[in-house]
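Please read these points with the model open beside you.

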Amino acid sequence: MRIVRFASPQGMSFGVLDGDGQVAQIEGHPFGQLSFTGARFAQADVRLLSPILPSKVVCVGKNYADHIAEMKGQTGDAPSEPLLFLKPSTSVIGPGDAIRIPPRSTNVHHEAELAVVIGARGARNVSPEQAPASIFGYTIGNDVTERDMQKSDGQWTRAKGFDSFCPLGPWIETDLAGVGLDPADLAISCTVDGEPRQNGRTSQLIFGVPTLISYISRVMTLLPGDVVLTGTPAGVGPIRPGQRVECTIEGLGTLTNSVTGADAVSTAGGSR
Ligand code: ZN
């Protein structure tokens with residue numbers, strides 16, 4: 001089932017996207033037994049939002065050998081355990097939204113990644129064998145990264161934490177097996193203005209999804225709706241204002257985002 005979150009004239013809600021391009025509205029959240037409101041919308045008439053609003057996005061660095069090789073000298077060798085970092089919830093944007101390049105920044109890269117969405121029970125101290133029961137579904141993530149700051153800061157909070165640096169979507173597939181696919185072997189790719197950049201398979205992950213969920217769950221409780229980004233294959237490269245980034249994963253569609261300059265909107269001086 002394809003779960004979306006969307007904005008209609010009536011407000012924001014979750015829905016189920018069917019094969020005919022129709023969205024069936026859900027009451028409340030999409031976990032557990034779904035309750036439909038009966039309202040249906042043509043997908044063209046609504047705006048898809050990030051399919052979930054996570055309390056945190058937990059990311060895994062250096063999880064594809066070919067990406068480690070291309071980053072050699074900047075971020076070191078393959079880790080013996082998963083390398084974790086966080087992106088703030090405020091970095092999340094949806095399909096069609098603009099990635100905003102920070103002022104004076106000239107080295108922002110795309111990173112197409114398989115994104116795991118945690119289900120209703122959450123995940124705390126689960127084994128790899130127990131991890132699949134904690135997973136709600138899968139979507140696409142783009143771990144947008146400011147490469148110069150990643151290098152100069154020594155840790156990655158700023159480089160990966162800017163507003164708009166975590167596009168997610170377009171939908172969450174809750175039953176990949178039901179459509180004949182295995183999350184452990186999906187084609188993953190990224191193009192910029194139609195030009196091929198990244199091209200890999202999730203079978204190349206050094207640490208697979210059950211191992212990652214288990215490992216993270218022994219550090220921090222994963223709450224329902226939290227997102228785990230599993231790492232990016234080789235081919236990362238710069239994006240500039242005016243460009244269009246498309247991340248595609250088999251069975252999960254294409255996550256398309258424009259790129260624009262910094263947004264100067266400030267909260268200073270406004271009413272509280
Ligand atoms: Zn990444």
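The numbered points below concern a predicted model.

1. The largest pocket holds about 270 Å³ of space. Its lining is made up of 20 residues, and those closest to the centre are P132, I135, Y138, D182 and P183.

2. Two elements, β12 (135–142) and α4 (209–217), each give at least two residues to the lining of the largest pocket. The largest share comes from β12, with four residues. By type, the lining has 12 nonpolar, five polar and three charged residues.

3. There are 13 salt bridges in the structure. One of them joins R40 and D18, whose closest N and O atoms are 2.6 Å apart. R40 is in strand β4 (residues 36–42) and D18 is in the loop between β2 (11–17) and β3 (22–26), so the pair ties together parts that lie 22 residues apart in sequence. R40 is partly exposed at 47% relative accessibility, and D18 is partly exposed at 25%.

4. K56 and D226 also form a salt bridge, with 2.6 Å between the closest N and O atoms. This pair links distant parts of the chain, 170 residues apart: K56 sits in the loop between β5 (47–49) and β6 (57–61), and D226 in the loop between α4 and β17 (227–229). Both K56 and D226 are buried.

5. E246 and R244 meet through their side chains in a salt bridge of 3.4 Å, N to O. E246 is partly exposed, with a relative accessible area of 21%; R244 is partly exposed at 37%.

6. Salt bridges with shared partners connect K87, E111, D143, R147 and K160 in one network.

How values were computed:
Residues numbered from 1 in each chain as written. Predicted model: local features only at pLDDT ≥ 70, side-chain atom pairs only at ≥ 80, totals over all residues. Heavy atoms only, no water. 1 Å grid on protein atoms, 1.4 Å probe; cavity = no way out; pocket = protein on both sides within 12 Å on 5 of 7 lines; lining within 4 Å. Points joined across faces, edges and corners; volume = space filled by probe spheres on them. Nonpolar A, V, L, I, M, F, W, Y, C, P; charged D, E, K, R; others polar. Salt bridge = Lys/Arg side-chain N within 4 Å of Asp/Glu carboxyl O. Buried < 20%, exposed > 50% of the residue type's maximum accessible area, 1.4 Å probe, protein only.
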